[in-house]
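Hi everyone, thanks for coming.

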Amino acid sequence: TEVRDIMGNKIKYYYEKKNNFVYPKEIVYTVKKDGTFSNKIIFDRESRLDEEVSYRTQFRVVMNDRIKAIRVQNNGIDVAKLELTYTTGQNGTRSLLSTIKESRLGTDSQWSTIPDTKFEYQKDSIASRTPNLSSGNNQGFQDITGDARPESFSLTDGASTGATWKV
């Protein structure tokens with residue numbers, strides 16, 4: 001896809017399809033009328049162990065890559081980059097973003113790095129979870145097993161306090 005402003009400049013978005021999942025590949029901008037461009041953003045990917053399989057689209061879609069780095073180029077030279085690192089979630093498999101390292105190429109041709117952006121995630125105790133019920137129907141959806149996917153649950157015997165939950 002592409003977008004053009006009234007001055008004739010263009011931004012082009014490129015994607016790559018793998019296992020029916022669409023990943024961003026690159027963004028090219030400041031595209032001139034003659035088709036040349038001066039700036040590009042590149043999305044580098046890596047394989048992930050916690051692939052996500054979905055059939056929501058009525059066909060199999062597998063997300064088995066994740067963004068490893070985002071590079072900014074000017075006239076074909078890297079001038080900035082974001083490096084993403086991941087950790088494993090509480091369930092032992094889910095990829096969670098842990099750190100973003102940002103670097104920029106200075107006018108002196110030396111790379112400088114700002115302090116990392118770090119992400120922390122609250123640990124959850126399955127036993128301490130309090131389900132959120134929909135109004136009056138004693139049913140709900142919540143991630144009870146810690147796999148980042150919601151389970152359907154309901155109260156047994158219509159109890160509202162001290163209840164037994166059926167998953």
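I'll go through the core, then the charged pairs, and then a couple of loop residues.

Before that, two housekeeping points. This is a predicted model, with local features needing pLDDT of at least 70 and side-chain atom pairs counting only at pLDDT 80 or more, while totals for chains, interfaces and linings use all residues. Residues are numbered from 1 along each chain as its sequence is written, and side-chain values use heavy atoms, with hydrogens and water left out.

Okay, the core. Which residues make up the largest nonpolar core? There are six residues in it: Ile 27, Ile 41, Phe 43, Ile 67, Leu 84 and Leu 97. By nonpolar core I mean a set of buried Ala, Val, Leu, Ile, Met, Phe, Trp, Tyr and Cys residues joined through side-chain atoms within 4.5 Å. And buried here is under 20% relative accessible area, with exposed over 50% and partly exposed in between, using a 1.4 Å probe and protein chains only. As background, nonpolar side chains in soluble globular proteins tend to be buried together.

Let's pick out Ile 41. Leaving aside residues up to four places away in sequence, Ile 41 touches Lys 25, Glu 26, Ile 27, Tyr 29, Ile 70, Arg 71 and Val 72. Touching, or contact, means heavy atoms within 4.5 Å.

Now the charges. How many salt bridges does a search of the whole structure find? It finds 11, where a salt bridge is a side-chain nitrogen of Lys or Arg within 4 Å of a carboxyl oxygen of Asp or Glu.

One of its partners is Glu 16, with the closest N and O atoms 3.1 Å apart. That pair links distant parts of the chain, since Glu 16 sits in strand β2 and Arg 45 in strand β4 (residues 39-54), 29 residues apart. Strands, by the way, are DSSP runs of E with at least two residues, helices are runs of H or I with at least four, and both are numbered from the N terminus.

Arg 45 also forms a salt bridge with Asp 65, this time with the closest N and O atoms 2.9 Å apart. Asp 65 is in strand β5 (residues 61-74) and Arg 45 in strand β4, so this pair ties together parts that are 20 residues apart in sequence. Through shared partners, salt bridges join Glu 16, Lys 18, Arg 45 and Asp 65 into one network.

Is Asp 65 buried or exposed? Asp 65 is buried, at 5% relative accessible area, whereas Arg 45 is partly exposed at 22% and Glu 16 is partly exposed at 34%.

Lys 81 lies over the face of Trp 111, at 4.8 Å from the ring centre. The cut-offs are NZ of Lys or CZ of Arg within 6 Å of the ring centre and within 35 degrees of the ring normal.

Last, the loops. Asn 19, between β2 (10-18) and β3 (21-31), has a positive phi near 55 degrees, and Asn 19 is partly exposed at 41%. Ser 109, between β7 (95-105) and β8 (111-113), has a positive phi near 65 degrees, and Ser 109 is exposed at 54%.
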